[in-house]
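I opened this notebook to record what I looked up in the structure.

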Amino acid sequence: MRIPLDYTTKATLAFNTRTLDQLAALLAPEFHYQDPLGVMTGREATLAREQTILDAFPDALVEMEPFAATQDRLAMTALLKGTFTGPFNMGGHTIQPNGRPFSFRFAAFFQFDGGYAVQEEVFYDRTELMQVLGLGVGR
């Protein structure tokens, strides 16, 4: 199965315009997500995670840059930018907002089947994330 070549364009537009139903249309119902903080399965769980990000960073914008693809896999880097103005629930903890702008890079690897994303594995530096959230870790 070939990856949808416009996946990053559609996913970026859906996130940046807050149309999570359009993002849902790109994901398989059993979508599997993994990052350094844990694993979640299901389209609805993934949409709830995205909403958590948008609640904490209401002006958040993402820029996705795909750099490699095979018939059913896609690798990309991304930059997430915004202002930390709402409580952020992460890893079972709530981080209070500091009102400051942030910018955060990550890499993601997708697998596709039947025209839908079925898996995403995200990599990022947890210390850098804590720093951009204003927690002063590692300074």
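Which residues does Arg49 touch, not counting those up to four places away in sequence? I noted that the model is predicted. I found Tyr33, Met40 and Glu120 in contact with Arg49 under that condition.

I next placed Arg49 in helix H3, which spans residues 43–56.

I turned to the nonpolar core. The largest one holds 38 residues, and Phe110 is one of those with the most contacts inside it, a group that also includes Tyr7, Phe57, Leu80, Phe88, Phe106 and Leu133. Strand E7, residues 101–113, supplies the largest share of this core, with 6 residues. I recalled that nonpolar side chains tend to be buried together in soluble globular proteins.

For Leu133 I listed the contacts, leaving aside neighbours within four places in sequence. They are Phe57, Phe84, Phe88, Met90, Ile95 and Asn98.

My last entry concerns the surface. I found a nonpolar patch formed by Phe67, Phe109 and Phe123, whose accessible area together is about 320 Å². Phe109 belongs to strand E7. I recorded Phe109 as partly exposed because its relative accessibility is 37%, between the limits of 20% and 50%.

How values were computed:
Residues are numbered from 1 along each chain as its sequence is written. This is a predicted model: local features need pLDDT of at least 70, side-chain atom pairs count only at pLDDT 80 or more; totals for chains, interfaces and linings use all residues. Side-chain values use heavy atoms; hydrogens and water are left out. A nonpolar core is a set of buried Ala, Val, Leu, Ile, Met, Phe, Trp, Tyr and Cys residues joined through side-chain atoms within 4.5 Å. Buried means under 20% relative accessible area, exposed over 50%, partly exposed in between (1.4 Å probe, protein chains only). Helices (H or I, at least four residues) and strands (E, at least two) are DSSP runs, numbered from the N terminus. Contact means heavy atoms within 4.5 Å. Patches are made of residues with over 30% relative accessible area and no salt bridge: like charges are joined within 9 Å, nonpolar side chains (Val, Leu, Ile, Met, Phe, Trp, Tyr) within 5 Å. Accessible areas come from the Shrake-Rupley method with a 1.4 Å probe; for residues, only the protein chains shown count as cover. A salt bridge is a side-chain nitrogen of Lys or Arg within 4 Å of a carboxyl oxygen of Asp or Glu.
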